[in-house]
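I want to look at one strand and at the ligand site, and jot down what turns up.

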Amino acid sequence: MIYLDHAAATPVSAKVLEAMKPYFLDEFFNPSSAYLPAKKVNADYEAAKGEIAHAIGAKGNDIIITAGATEANNLAFTAISSNAKVLYLKTEHDSVRNPARQFDYEEIEVDKNGRIVLDDLKKKISENTEMISVALANNELGTIQPLAEIASLIREIRIERMQKKNPHPLFLHSDASQAMNLLDINVARLGVDLLTLNAAKVYGPKGVGALYVAHDVRLKPVTLGGGQENGLRSGTQNVPGVIGFAVALKNAKEHLNGNRKKYAEMRKVLLNEVKDYELINKKYSLDNFVVLCFDGLDAERLIYALEDRGVYVSTGAACAASKGVRSHVLMAIGLTESEIAGSLRITLGETNTLEQIHEAAKIINEVVEAEKARISG
Ligand code: PLP
């Protein structure tokens with residue numbers, strides 16, 4: 001198998017699994033229980049939260065653990081009032097688009113590279129805009145957004161609002177699910193008020209995520225119950241998940257530079273050896289994302305033919321692909337219907353070797369040739 005869909009899922013790394021194991025077997029206690037072994041589990045949980053927070057330049061108390069990035073994104077939108085206006089980037093993941101659409105919303109345009117059109121953002125901010133949501137890196141193209149620039153614009157608007165005595169807050173939220181393997185994330189440098197993290201994309205367990213929350217942001221609970229996670233996300237803590245997440249993030253941090261080099265080289269090999277494609281994500285992309293368009297061909301058919309040869313790729317977001325919906329991301333960057341239909345997303349990861357990439361390029365060429373021959377009869 002040559003697995004080239006790491007944006008959809010990453011395997012749990014051996015180190016992460018090893019760290020999690022004791023918390024399933026021996027240290028299984030409820031962290032809220034009164035006896036000593038449970039108190040130790042609670043201390044380990046809090047320490048792991050501290051490490052997760054430290055990886056993004058924050059403190060343990062600044063993050064809320066959630067059951068994944070979807071929940072963290074939904075929780076972020078509880079920061080604003082029900083009559084507020086929301087702006088989000090047109091290419092956001094559905095777990096941002098759908099909660100945002102519960103409010104009065106507008107979409108911010110992107111250019112052909114998938115980068116935010118800052119003038120469009122400026123134009124659309126109104127007196128009651130309370131939330132702007134822009135993913136640090138897109139999950140279909142890998143496009144990295146200039147968050148610090150957006151944050152600086154937001155700071156100017158906050159000052160204006162203060163002078164005009166406009167009581168509406170203005171928050172910047174970013175979903176960093178796809179960015180943690182390749183970018184050194186620091187909340188102060190990015191200037192975000194809310195940041196979503198996802199263990200499942202960094203060789204950690206699925207169903208574990210976190211939301212960083214700046215000190216002046218007040219959220220509302222997504223679940224009511226025993227009051228865990230500062231009362232915002234009640235439910236017995238997922239101790240093994242959080243322990244695993246902390247180790248996964250630490251690993252990711254340690255390997256940032258090596259990963260970037262490794263994926264840049266693999267990307268180059270693919271671009272040199274695959275034939276007759278148009279590269280969709282030419283600029284500002286994470287190095288592990290390669291989006292290739294074979295215009296006139298049906299990427300769905302290519303995916304099945306590649307699967308028969310042991311190569312796993314995707315057409316876009318795993319959830320959209322499984323519903324047969326055309327990618328809103330590829331539409332947003334102005335691709336035609338036929339270009340969208342012919343686009344493949346390859347996402348590289350720790351399971352890949354250079355030999356695999358040479359082999360995958362060869363198989364892609366053969367599958368594309370066979371498909372062209374089939375069409376021309
Ligand atoms: N946000 C982005 C950018 C993603 O890529 C994903 C997962 O594909 C999610 C959010 C949702 O993550 P989860 O399904 O783990 O909640």
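**Strand β7**

I started with β7 (residues 194-198): five of its five residues are buried, so the strand is largely enclosed by the rest of the structure. Buried here is under 20% relative accessible area, with a 1.4 Å probe and protein chains only. Strands are DSSP runs of E, at least two residues, numbered from the N terminus.

Housekeeping: this is a predicted model, where local features need pLDDT of at least 70 and side-chain atom pairs pLDDT 80 or more, while totals for chains, interfaces and linings use all residues. Residues are numbered from 1 along each chain as its sequence is written, and side-chain values use heavy atoms, leaving out hydrogens and water.

Next I checked directions: L194, T196 and N198 point one way from β7, L195 and L197 the other. In a regular strand the side chains alternate between the two faces of the sheet.

**Neighbours**

I looked up the pairing (at least two DSSP bridges between two strands). β6 (residues 171-175) runs parallel to β7, joined by three bridges, and D175 has T196 as its bridge partner. β8 (residues 209-213) pairs antiparallel with β7 over five bridges; there, Y212 is opposite L195.

**Ligand**

I listed the residues around the ligand (a heavy atom within 4 Å); among them are D175, N198 and K201.

For polar contacts I took N or O pairs within 3.5 Å. A polar side-chain atom of D175 sits 2.6 Å from a ligand nitrogen. T70 has one 2.7 Å from a ligand oxygen, and K201 has one 2.7 Å from a ligand oxygen.

Conventions. A polar contact is a pair of N or O atoms within 3.5 Å; within protein, one must be able to donate a hydrogen and the other to accept it, and residues adjacent in sequence count only if both atoms are side-chain atoms. Buried means under 20% relative accessible area, exposed over 50%, partly exposed in between (1.4 Å probe, protein chains only). Helices (H or I, at least four residues) and strands (E, at least two) are DSSP runs, numbered from the N terminus.
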